[in-house]
Amino acid sequence: MTEYTSKLKQAGLKVTLPRLKILEILSQGDGQHASAEDIYKILLTQDEDIGVATIYRVLTQCEQAGLVKRHQFEGGKAVFEIAEGDHHDHIICVRCGLVKEFNDDTIEVRQRQIAEKAGFRLAEHNMTLYGLCKACRKLAEER
């Protein structure tokens with residue numbers, strides 16, 4: 001948790017248990033791309049008494065401070081991830097909502113070429129692909 005203690009201080013936010021717990025959850029594999037409700041459920045399993053309103057408030061504060069990124073994927077609720085690391089895109093299962101990150105240099109080059117051809121210079125950009133994950137395809141085949 002010490003990593004997030006310093007990041008919160010650098011962002012000008014007070015170090016509190018809810019903030020530390022939420023950032024810790026988002027940094028773990030099962031918490032990546034988590035909604036406020038997902039975080040609430042995880043906190044319940046850890047016997048933490050942090051309400052949904054507090055979770056939303058912390059996520060908004062951390063987003064404004066640049067510590068987390070909010071994604072509003074098509075047809076779904078807002079999900080959050082830690083705002084660090086290299087640029088990446090997302091692929092989402094349309095059935096279960098599983099979110100996977102990917103990075104492809106060829107796609108990145110092509111996106112820049114398309115933008116330049118249209119007279120733009122890319123700044124922030126995201127690509128989101130939608131499909132069925134392996135588990136959902138298997139379920140569909142079994143029916």
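A pocket is defined on a 1 Å grid over the protein atoms alone as an open set of points where a 1.4 Å probe fits, with protein on both sides within 12 Å along at least five of seven lines; its volume is the space filled by probe spheres set on the points, which are joined across faces, edges and corners. The model is predicted, so local features need pLDDT of at least 70 and side-chain atom pairs pLDDT 80 or more, while totals for chains, interfaces and linings use all residues. Residues are numbered from 1 along each chain as its sequence is written, and side-chain values use heavy atoms, without hydrogens and water.

The largest pocket has a volume of about 350 Å³. Its lining (residues with an atom within 4 Å of a point) comprises 18 residues, and Val79, Ile92, Cys96, Gly97 and Val99 lie nearest the centre. Nine lining residues are nonpolar, five polar and four charged.

Ile92 also stands opposite Val99 of strand S4. Strands are DSSP runs (E, at least two residues), numbered from the N terminus, and two of them pair if at least two bridges are found between them. Strand S3 (residues 89-93) runs antiparallel to S4, joined by four bridges. The open sheet has the order S4-S3-S5, with mixed pairing. S4 (99-102) and S5 (128-131) each have a single partner strand, so one side of each is left without a neighbour in the sheet.

Terms used:
Ala, Val, Leu, Ile, Met, Phe, Trp, Tyr, Cys and Pro count as nonpolar, Asp, Glu, Lys and Arg as charged, and the others, Gly among them, as polar.
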